[in-house]
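Take a look at the model below. We will walk through it from the whole chain down to single residues.

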Amino acid sequence: MDLHGSFHVYDTTLRDGAQQEGLNLSVADKLAIARQLDGLGVGFIEGGWPGSNPKDTEFFRRAREELDLRHARLAAFGATRRAGVRAADDPLVGALRDSGAGVVTLVAKSHDRHVELALRTTLEENLAMVRDTVTHLREEGQTVFLDAEHFFDGYRANRAYALEVLRTAAEAGAEVVALCDTNGGMLPDWVSDVVHDVIGSTGARVGIHAHNDSGCAVANSLAAVNAGATHVQGCINGYGERTGNADLVTVVANLELKLDRSVLPTGLLREATRIAHAVADVTNVPPASRQPYVGTSAFAHKAGLHASAIKVDPDLYQHMDPVGVGNDMRLLVSDMAGRASIELKGRELGYDLSEDRELVTRVTARVKEMEQGGYTFEAADASFELLLAEEVEGTRPSYVEVESWRVITETRTAGEAISEATVKLRAEGVRYVVTGEGNGPVNALDAALREAIGQAFPEVAKFELIDYKVRILDQGHGTDAITRVLIETTDGESSWVTVGVGANVIEASWGALVDGLTFGLRRHHR
C-alpha cells in the first residue's frame, strides 16, 4: 500500500466505536467485524489499545494468527510515553511495539490546558513525549499516525502550540497528523478554515477524526477532505460514544458517488449495505432504518405522487441508484398509496397489474379502507402479498381451516403466571386439537398453532418468531382501544413481517401469527 500517495480510509469501530453505550464486543466479535471491514475495502482497521486491557491485547495476538486481510492494514492505538520516562522503557509503548501491528496510531494532547491539567506536565515535555514516541516506533519499523486530541478546541485556545504539536510529530516521522474534533462541536466552515491553515503552516499530511455531537460529523469530514485532508477516520454505522463518530459508509459513499473520488477498491462500495447490516448483527445493535445509503428506508417510497413519478423514471425521486451501495428501492403500501404504488409493489412481488385497472383500483381502495381501520402494510409486506394474492387469485391463500382457538392465563400458588392455549383446526384433511403452554398468551397461542400445523406441514419447524411489536392505536379509549401487532418470522434464510389488528392484543396477535405461518408455507410450496 502506498502510504504517501493513496487516500486513507481508516476505520476505528473496534476501538472508538466500541465506546458506544451498550456496545460490548468480545474478541471473537472484533475479529468478525474486522473481516467485514476488510471486505468493504477500508485501508486501515484500528483494532484497539494493546496493553491497556486484556481483551485488546488478546485481539492483536489472535489477529496475527487468524486474520488474513486482503485490503486493510491493522493499526494499534495507544498514547505517547508518560512524562519523564524514555519511550523505549514505557510498558504501554512496548505493548504497541510488540502488538505485531504494522501501523501505530498515537493519541497526543494538542490543547495546552489538557496538557497542563490532564497530563500534569509542561508544554515542552508534551512535545518531547510526542517526538520521542514517534521516533522510537519509527526506528522499530512501524508506521506512525498521530491523533491530535481536542485539536480544534486547542487550536482556538492556542493556535501556535496546537500547530507545534503537529510539526513535532511530522518532523519525527509521523505519516499523518489527524485533527480530532473530540468534543464534536465543530461546523463545516470552521473545519475547512482550520485544515487550510494547518496544511499551509505545517506542510504535514492531514487527516480528520470527527464526532457527531453537532450533527455534522459527516459534513465536517467532507469539509476537511475538500480543504486538503487525505486521511479520514470514522466508524461503520456511526458507532461511538455520546452521539457517535462520523459514519464511515456515508463519508465514503459521498466521496465516491458525489465527489467522484475513488477511495475504495473498485466495486466494493456495492457491498456496503450487506456489510453494514452484518456488523449490526455482530454488535447486536439494530441497524438504523433511516441511515443514509444503507438503511432499509434509504430508498423507500410511500406517497402516491412519488410512486407515479418513479413508475416513469426512478431517478426522479432518488438521489442515486441504490445498487451503487448494494441497497434496493422499496415501495411502501399505505393509506397514502395511489394506483402507481400498488402497480409497482405488485411488480416487485411478481404480479403484472398494468393491464388490469379495475383490480388495481380495487386493491388500492381495500388498502386505504383497512389502514383506516388500523392496519399498516408499509411495514408488513407479507400481509400485503397475501392480500394481493387474494384479489388476483380470487381466494386468500390458506393451508388450514381454523375451527376455534382459546387461551387462558392462570397464576399458580408460587405466583408464576402460565398461559395455556387450545387450537382446533383441519389441515390436509385431518382434524387436529392441540394445547400449548407459554410464558404469555401469545407465546402459548404460537406454540399450539405451530404444533398443530406442523403435524401436516413439517417445514413449519423451521419457522421462528423473531420480533413482536404492539401498538395501541386509539389510546383515548383506554382498555377498549384498537390494538395493532406486527410479527416478524424467519425460516433461517429470510424473514417476513405480518400485521394483525383487533379489539385486544390476543386477537390482533392471532391474525398476525396465522398470516406469518401462511406466508411462510406459501413461500415453501411455490
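The tour starts with the overall picture and then turns to helix pairs and selected residues.

This is a predicted model: local features need pLDDT of at least 70, side-chain atom pairs count only at pLDDT 80 or more, and totals for chains, interfaces and linings use all residues. Residues are numbered from 1 along each chain as its sequence is written, and side-chain values use heavy atoms, without hydrogens or water.

The chain holds 17 helices and 16 strands. Both are DSSP runs numbered from the N terminus: helices are H or I with at least four residues, strands are E with at least two. The C-alpha trace spans about 85 × 60 × 45 Å along its principal axes. Of the 526 residues, 52% count as buried, a label for under 20% relative accessible area, with exposed over 50% and partly exposed in between, using a 1.4 Å probe and protein chains only. Residues 24 or more positions apart account for 67% of them.

Start with helix 3, residues 91-98. Its buried residues are Val 93, Gly 94, Ala 95 and Leu 96. They pack against strand 3 (73-79), strand 4 (103-109) and helix 5 (123-139). Asp 90 caps the N-terminal end of helix 3. A side-chain oxygen of Asp 90 lies 2.9 Å from the backbone nitrogen of Leu 92. After helix 3 comes Gly 100, with a positive phi near 90°.

Helix 5 also carries Thr 133. Is Thr 133 buried or exposed? It counts as buried, at 0% relative accessibility. Its side chain reaches the backbone nitrogen of Arg 81 at 2.9 Å. Leaving aside neighbours within four places in sequence, Thr 133 is in contact with Ala 79, Thr 80, Arg 81, Ala 87, Val 93 and Leu 106. Val 93 is one of the buried residues of helix 3.

Now turn to helix pairs. Two packed helices are described by the angle between their axes and the distance between the axes. Here the axes are lines fitted to C-alpha atoms over the stretch in contact, and angles run from 0 to 180 degrees between N-to-C directions.

Helix 4 (residues 112-119) packs on helix 5 at about 90°, with the axes 9 Å apart. The two are therefore roughly perpendicular. That label covers 65 to 115 degrees; under 35 counts as roughly parallel, over 145 as roughly antiparallel, and the rest as oblique. Asp 112, Val 115, Glu 116 and Leu 119 in helix 4 meet Leu 123, Asn 126 and Met 129 in helix 5. These contact residues divide into four nonpolar, one polar and two charged.

Helix 8 (residues 188-202) and helix 9 (residues 217-226) pack at about 30°, with their axes 8 Å apart. That makes helix 8 roughly parallel to helix 9. From helix 8, Pro 188, Val 191, Ser 192 and Val 195 meet Ala 219, Asn 220, Ala 223 and Ala 224 in helix 9. In both tallies, Ala, Val, Leu, Ile, Met, Phe, Trp, Tyr, Cys and Pro count as nonpolar, Asp, Glu, Lys and Arg as charged, and the others, Gly among them, as polar.

Finish at His 524, in helix 17 (residues 505-525). His 524 is partly exposed, with a relative accessible area of 33%. Leaving aside neighbours within four places in sequence, His 524 is in contact with Glu 459, Phe 463 and Asp 491.

Definitions and conventions
Contact means heavy atoms within 4.5 Å. A polar contact is a pair of N or O atoms within 3.5 Å; within protein, one must be able to donate a hydrogen and the other to accept it, and residues adjacent in sequence count only if both atoms are side-chain atoms.
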